[in-house]
Amino acid sequence: MTVRHLTEVEALLGNEVLETVQVRNLADSSVSEVACSGFFGFVGLKPTTEFIPASVARDANGFLVTDSSFTAGNGLFAVGAVRSGYGGMLEHAVAEGLAAADGAIKVLNEIR
Ligand SMILES: Cc1cc2nc3c(=O)[nH]c(=O)nc-3n(C[C@H](O)[C@H](O)[C@H](O)COP(=O)(O)OP(=O)(O)OC[C@H]3O[C@@H](n4cnc5c(N)ncnc54)[C@H](O)[C@@H]3O)c2cc1C
């Protein structure tokens, strides 16, 4: 097995079946092809937080920082895969979502 650092998959290529994976080296932008007959994709580790204002605290990897009530700012809740410290399993996301919904109801009741 060869581990390729700083490498991104660009395309899965083949005629009828997978034959090669096209990869880009992020250090020098060079593109190469790796012959293979199987591909296991593991994606989703980069949080999609670009649309959240830069003033909201993030950890070094871009995940939103919350308190124990999943509050990331005034009236802003963050749960699941965008939250720093998230456990990584679907059941964690669901539990966090339920807790944050309770928190959101409290906030709404306070401002009513
Ligand atoms: C390859 C892979 C395999 C996994 N296998 C398992 C497993 O076997 N068991 C397990 O428990 N967990 C597994 N997980 C983890 C699990 O899928 C995640 O932890 C869970 O889906 C996180 O839920 P979430 O709601 O926080 O985020 P997501 O499920 O990622 O949902 C976020 C949603 O927000 C949407 N969105 C993003 N930006 C915006 C925007 N600006 N406006 C509106 N919508 C937006 C996205 O399109 C998406 O639908 C796996 C994850 C990956 C990547």
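Residue numbers start at 1 in each chain and follow the sequence as written. Because this is a predicted model, local features need pLDDT of at least 70 and side-chain atom pairs count only at pLDDT 80 or more, while totals for chains, interfaces and linings use all residues.

Let's start with the big picture.

In what order do the three strands of the open sheet lie? The order is S1-S2-S3, with antiparallel pairing. S1 and S3 each have a single partner strand, so they stand at the edges and one side of each has no neighbour in the sheet. From one strand to the next, the twist averages 30° (axes are lines fitted to C-alpha atoms, for helices over the stretch in contact, and angles run from 0 to 180 degrees between N-to-C directions).

Strands here are DSSP runs of E with at least two residues, helices are runs of H or I with at least four, and both are numbered from the N terminus. Two strands pair if DSSP finds at least two bridges between them. Here are the two pairings side by side:

| Pair | Bridges | Residues between the strands | Residue with positive phi |
|---|---|---|---|
| S1 and S2 | six bridges | six residues | Glu16, near 75° |
| S2 and S3 | five bridges | five residues | Ser29, near 65° |

Leu13 sits opposite Thr20 in S2. Across to S3, Val21 is opposite Val34, and Arg24 is opposite Val31.

**A loop residue**

Now look at Ile52, in the loop between strand S3 (31–35) and strand S4 (71–73). Why does Ile52 count as partly exposed? Ile52 has 17 C-beta neighbours inside 10 Å. The cut-offs go like this: 20 or more other C-beta atoms within 10 Å makes a residue buried, 12 or fewer makes it exposed, and in between is partly exposed, with C-beta atoms placed from the backbone. Ile52 is 18 residues from Phe70 in sequence, and their C-alpha atoms are 15 Å apart in space.

**The helix**

Finally, there's helix H1, covering residues 90–111. Its 22 residues reach 32 Å from first C-alpha to last, close to the 32 Å expected (that's 1.5 Å times one less than the number of residues). How many of the 22 residues of H1 are buried? The count is two, so H1 is hardly covered.
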